Amino acid sequence: MTTTPSGCGIVCCRACGSKSRAVLDVLVHGVTMQENKIMMTQANRQGWDGLAETHFRNYHIDRLVTGTPLINDVIRREVGDVRGKSLVHLLCHIGTDTLSWALLGARVTGIDISPESLKYARQLARQMDIEAEFIEADVMQVMEHVKRKFDIVFSSIGVLCWIPDIEKYARTVRHLLDDSGFFTIFDGHPFRSVLLDADGEASAGSTIQGDYFRKEVWHYDTMGDYTDPDLKVPVHSFEWHWTMGEIITAFCDVGMRIVFLHEYPHYTYGGYSAYNESETVELYPCTFSLKATAR
Ligand SMILES: C[S@@+](CC[C@H](N)C(=O)[O-])C[C@H]1O[C@@H](n2cnc3c(N)ncnc32)[C@H](O)[C@@H]1O
């Protein structure tokens, strides 16, 4: 493996095994690129299975089960009123955001590849007496399995770095949307990744460490955790990087209409919190949100 000075993936830098990042040189020869992507995704799935129990302990579940939605104010304002709407949450993990939308009045479905994560999501739904459906699937395969349409397709915080094909992701979003529906995403800004050092931390002085236009898949030899720095799941993990241009163009190419693209100077890792954890204002975009209607 060759180490690279480039930065981490879209947002989950703290989820990565630090000091072990490498450009991908483990492609298995004799299988197609598509098969390699599936193998990398399955490796990531094992990592998320290994983190689920810790997240169930460390996320703010106590607040959720007593009726407080765990969705930060920016996302809540931008998505708007969800009452009576059908909402599908892609990459829903242990279901905390999905069930938060249910508390706010949506009819919810969550999709995730990790059976361990979904075990906790279903357990939480039962505990909260919420009718929610959780589907175990690789989001890249969802078009084959889910034929229903939804008013809202939602995903947030730690999403696009796990997606091996941004164009297929956009096609999947469009496939799931009713013609009058919309998609929203809130995620780490791809620009921030060029500032991350080999430990996945934003460099002091914000100097550029890596290539914004990189095409390599980043390979880590463990899956680390953003809620417990000491936890390293002993499986390989892989992250992709999409520039803002690639993200926007993918949704334009499937005929969707961009309503807004907002860029924020805060690194708001609110994936497991109702509250904005960082009030620090940087000189560069740290997170972004995008809303696009189906047509
Ligand atoms: C950072 S979490 C999602 C963040 C979410 N806001 C949260 O913390 O509740 C990433 C999730 O993506 C899921 N995931 C990764 N790759 C996937 C894929 N190809 N298809 C479906 N789910 C995937 C993982 O299993 C994990 O649950």
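Predicted model: local features only at pLDDT ≥ 70, side-chain atom pairs only at ≥ 80, totals over all residues.
Biologist: What makes α7 and α8 oblique to each other?

Modeller: Helix α7 (residues 166-176) and helix α8 (residues 244-253) pack at an angle of about 45°, with their axes 8 Å apart. Angles under 35 degrees would count as roughly parallel, and 65 to 115 as roughly perpendicular, and the pair is therefore called oblique. The crossing of α7 past α8 is right-handed.

Biologist: Which residues of α7 and α8 meet, and how do they divide by class?

Modeller: On the α7 side the residues are I166, E167, Y169 and A170, and they meet E246, I247, A250, F251 and D253 of α8. By class, this contact of α7 with α8 holds six nonpolar and three charged residues, with no polar ones.

Biologist: Why is α1 called roughly parallel to α5?

Modeller: Helix α1 (residues 33-58) packs against helix α5 (residues 115-128) at an angle of about 30°, and their axes are 7 Å apart. Since the cut-off for roughly parallel is an angle under 35 degrees, α1 is described as roughly parallel to α5. In this contact W48, D49, A52 and F56 of α1 meet P115, E116, S117 and Y120 of α5, and the residues divide into five nonpolar, one polar and two charged.

Biologist: How do you know that strand β3 is largely enclosed by the rest of the structure?

Modeller: Strand β3 covers residues 107-112, and five of its six residues are buried, so β3 is described as largely enclosed. Strand β2 (residues 86-90) runs parallel to β3 and is joined to it by five bridges; across this pairing L87 stands opposite V108, and L90 stands opposite I111.

Biologist: Why is one side of β4 and of β11 left without a neighbour in the sheet?

Modeller: The open sheet has seven strands, in the order β4-β3-β2-β5-β6-β12-β11, with mixed pairing. β4 (132-136) and β11 (257-264) stand at its edges with a single partner strand each, so one side of each has no neighbour in the sheet. On average, neighbouring strands of this sheet are turned by 15° against each other, direction ignored. As for helix α7, it lies across β2, β5 (150-156) and β6 (177-188), and runs at about 140° to β6.

Biologist: What is the phi of D129, and why does D129 count as exposed?

Modeller: D129, in the loop between α5 and β4, has a positive phi of about 60° although it is not a glycine. Most residues other than glycine have a negative phi. The cut-off for exposed is 12 or fewer other C-beta atoms within 10 Å, and D129 has 6 such neighbours, so D129 counts as exposed.

Biologist: And what makes I157 count as buried?

Modeller: I157 lies in the loop between β5 and α7, and its phi is positive as well, at about 55°, although I157 is not a glycine. A residue needs 20 or more other C-beta atoms within 10 Å to be buried, and because I157 has 25 of them, I157 is buried.

Technical notes. Residues numbered from 1 in each chain as written. Axes fitted to C-alpha atoms, helices over the stretch in contact; angles between N-to-C directions. Helix = DSSP H or I, 4+ residues; strand = E, 2+ residues; numbered from the N terminus. Parallel < 35°, antiparallel > 145°, perpendicular 65-115°, else oblique. Left-handed = near helix turned anticlockwise from the far one by under 90°. Contact = placed C-beta atoms within 7 Å. Nonpolar A, V, L, I, M, F, W, Y, C, P; charged D, E, K, R; others polar. Pairing = 2+ DSSP bridges.
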